[in-house]
Amino acid sequence: MMLYGVFKPVFDDSPREVMSLSELNTLVREAVNRALPETYWVRAETSDVRVNSSSGHCYLEFIDKDERSGQIAAKSRGTVWARIFQLLKSYFEQETGQAFRSGLKVLVNVSVEFHELYGYSLNVHDIDPSYTLGDLVKKRKEIILRLQKEGIFELNKELPFPSLPQRIAVITSPTTAGYEDFVDQLTHNKEGFPFYIKLFPAIMQGEKTEECIIDALDGIYPHADLFDVVVIIRGGGATSELSSFDSYFLAANCAQFPLPIITGIGHERDDTVVDMVAHSRMKTPTAVASFLIECMGREAGQLQELESIIHAGITARITEEKAILQMLATRFPIMVAGRLDNHRYRLHAMTTHLSVLPQWLRHHSEGIDEISPRIQRAVDAMLSKRVTFIDALPMRLRSTYGTIFSERLRKLELNEQYIKMVSPEYVLKRGYTLTMKDGKIVKYSVELSGGDEITVKFSDGERKGTIL
C-alpha cells in the first residue's frame, strides 16, 4: 500500500563523486578568481566600521540600499589591510574633512575574494574622496535648505546682542587646552573687565558630540535669564571630527535657542552648519574670548566719552550759573533801590492828588461837607495801606532774594558733587585704572601694538610699561 505524503529515498547504485566542503569552497574560490581577476570601482555605503587596535586592519561592511524603500538590497564584508588603511584614512580625511566612519557613501576600488573559511569579501585598494565629498556637500545643502524653509536659519542671528556680555554659559570639554586658554584670557584681561563663566560639559569629538551638545543646551535653557550668551568652543582636534557640527538637529537647536550663540570650534575650512546658524562665528576659543573683551571695551569707551561730555557740560553750566549769581549779587541792590524810589514817587504823587481832592469837591459839589469825613477816612486808609506795603517791601525783597540765592547755591553744590563723583580721580579710587598712550586715553585693545609705551594710572600714582 502506498503511503501518501511520506518521503521515500531512492538510492542510485551508480558511481558518484563526493567532495568535502573545503574542496567545494576551494573550487568556488578558484572560479571566482578566474571570473573576477581584476579590481572594480564600486559605489556603496559603509557600515559597522571598526579598526583592530593590535593589527591596524580595518574591518567593515559595504551595503547598498534600495532608493525607494531604503531597505538593504545588498551586503558584503570588506577589509582594508593595515598598510593600505593608514594611507587611505589620512588621504580621505584630509580631502573630505570627515572621519572614515560608518554611514558614508564611498567609491572604492576593490578586488573580490572568496576564502574557504571566511567566505565572500571585498578587499579595498583605493578610494575616491571626491565622491564622498560630493555626497557630504549635497547633504549640507539639503540641511541648510530645510532650515531656511522652516524659517529658523536666521533666528539666532536676529537676537539682539547684549552690550555687556559678562555672564557666559560655555559648552565644551573641560579637559581641553582650548577651554583653559579661553578662561585664562577672560579672567586675566588687561582691562580688568569682570566675566562670570559657567561650564556645561560636553563631548566635542566622536559620535556622541551631537547628543551631548544638545543635552548641554537643554541644561542651559531653564536658566537662560541668568546668562547673556552661550559659547560653543572646541580646543583643537582633527578636522575630520567636525561632521557632528553639520547635523540638522544640532543646528536646529542652536538656531532656535533664546540666547545669542558664539562658536569657536577651531578650524579654518568652510563654516559648519552650526557656525552658519550661530549669532557669531570665531575661528578659535581664544578668538571668542578676544571678541567678548572687545565688546566690553567698546562699551567702556562709550561710557568714558559720555563721562567727558557730562563733565564738560556740567562745568560749563556751573560757570554760567556762577556768572548769573555774581551779576544778580551786583545788580540786585540797585534794582531794589530803584523799585523803592519808584514806589515813593508814586506815593508822593498820590498824596498830592488826594490833598487837593476835598477842595475840588467843595468847589464843584453841593452838600460835600456831609461826605467829606467819609472821603477823608477812605483816603487815610488807602494811604496807610500803601505806606505799610512800602515799608514791608524791602523785607519781602530781601526774603525773595535770599530764597533765589539759596536755591541757586544748592544747585551749584549738587553739580559740584556730581562732577567729583564722575571725575577720573574718583573713578580711579574705586579700583579702576586708566591706560594712556602719548597722553591720550586708550579705549580699545586694537589701538596698542608690540613696543608701544603706555602709562597706567592708579588712584595712588602711575606706572609706565611697554606692550610685548
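Two strands are taken to pair if DSSP finds at least two bridges between them. In this predicted model, strand 1 (residues 39–51) and strand 2 (residues 58–65) meet that description, pairing in the antiparallel sense over five bridges. Within this pair, E45 stands opposite I63 of strand 2. Six residues lie between the two strands of the hairpin, and there G56 takes a positive phi near 85 degrees.

Strand 2 also pairs with strand 3 (residues 72–80), again in the antiparallel sense, and this pairing runs over eight bridges. I63, the residue opposite E45, has K75 as its bridge partner in strand 3. The hairpin of strand 2 and strand 3 has six residues between the strands, and G70 takes a positive phi near 80 degrees in it.

For the protein as a whole, the secondary structure comes to ten helices and 14 strands. Of its 468 residues, 34% are buried. Among contacts between residues at least 6 apart in sequence, 65% join residues at least 24 apart.

An open sheet of five strands has the order 7-6-8-9-10, and its pairing is parallel. Its edge strands, each of which pairs on one side only, are strand 7 (196–201) and strand 10 (280–281). Inside the sheet, strand 8 (residues 229–233) runs parallel to strand 9 (residues 261–264), and four bridges join them. V231 has I262 of strand 9 as its bridge partner. Helix 5 (residues 209–220) packs on this sheet, where it touches strand 6 (167–172), strand 7, strand 8 and strand 9. The direction of helix 5 makes about 155 degrees with that of strand 6.

The other open sheet is formed by four strands in the order 12-11-13-14, with antiparallel pairing. Strand 12 (440–441) and strand 14 (461–466) are the edge strands, and each pairs on one side only. Strand 13 (residues 453–458) is joined to strand 14 by six bridges in the antiparallel sense. In this pairing T455 has K464 of strand 14 as its bridge partner.

Helix packing was examined next. Two packed helices are described by the angle between their axes and the distance between the axes. Helix 2 (residues 82–96) packs against helix 3 at an angle of about 35 degrees, and their axes are 9 Å apart. The two helices cross in a right-handed manner. Helix 2 contributes Y91, F92, E95 and T96 to the contact, while helix 3 contributes P129, T132, L133 and L136. By class, the residues of this contact are five nonpolar, two polar and one charged.

Helix 3 (residues 129–149) also packs with helix 6 (residues 248–255), at an angle of about 35 degrees and with the axes 10 Å apart. Here too the crossing is right-handed. On the side of helix 3 the residues are I143, R146 and L147, and these meet Y248, A251 and A252 in helix 6. Five of the residues in this contact are nonpolar, none is polar and one is charged.

Two individual residues were considered in their surroundings. S111 is located in strand 4 (residues 105–115). Its relative accessible area is 15%, and it is therefore classed as buried, the cut-off being under 20%. The side chain of S111 makes a polar contact of 2.8 Å with that of H125. Apart from neighbours within four places in sequence, S111 is in contact with E38, T39, S121, L122, N123 and H125.

L397 belongs to helix 9 (residues 368–422). This residue counts as buried because its relative accessibility is 18%. Once neighbours within four places in sequence are left aside, L397 is in contact with F332 and V336. L397 and F332 are 65 residues apart in sequence, and their C-alpha atoms are 9.5 Å apart in space.

Terms used: Residues are numbered from 1 along each chain as its sequence is written. This is a predicted model: local features need pLDDT of at least 70, side-chain atom pairs count only at pLDDT 80 or more; totals for chains, interfaces and linings use all residues. Side-chain values use heavy atoms; hydrogens and water are left out. Axes are lines fitted to C-alpha atoms, for helices over the stretch in contact, and angles run from 0 to 180 degrees between N-to-C directions. A crossing is left-handed if the near helix is turned anticlockwise from the far one by less than a right angle, and right-handed if clockwise. Contact means heavy atoms within 4.5 Å. Ala, Val, Leu, Ile, Met, Phe, Trp, Tyr, Cys and Pro count as nonpolar, Asp, Glu, Lys and Arg as charged, and the others, Gly among them, as polar. Buried means under 20% relative accessible area, exposed over 50%, partly exposed in between (1.4 Å probe, protein chains only). A polar contact is a pair of N or O atoms within 3.5 Å; within protein, one must be able to donate a hydrogen and the other to accept it, and residues adjacent in sequence count only if both atoms are side-chain atoms.
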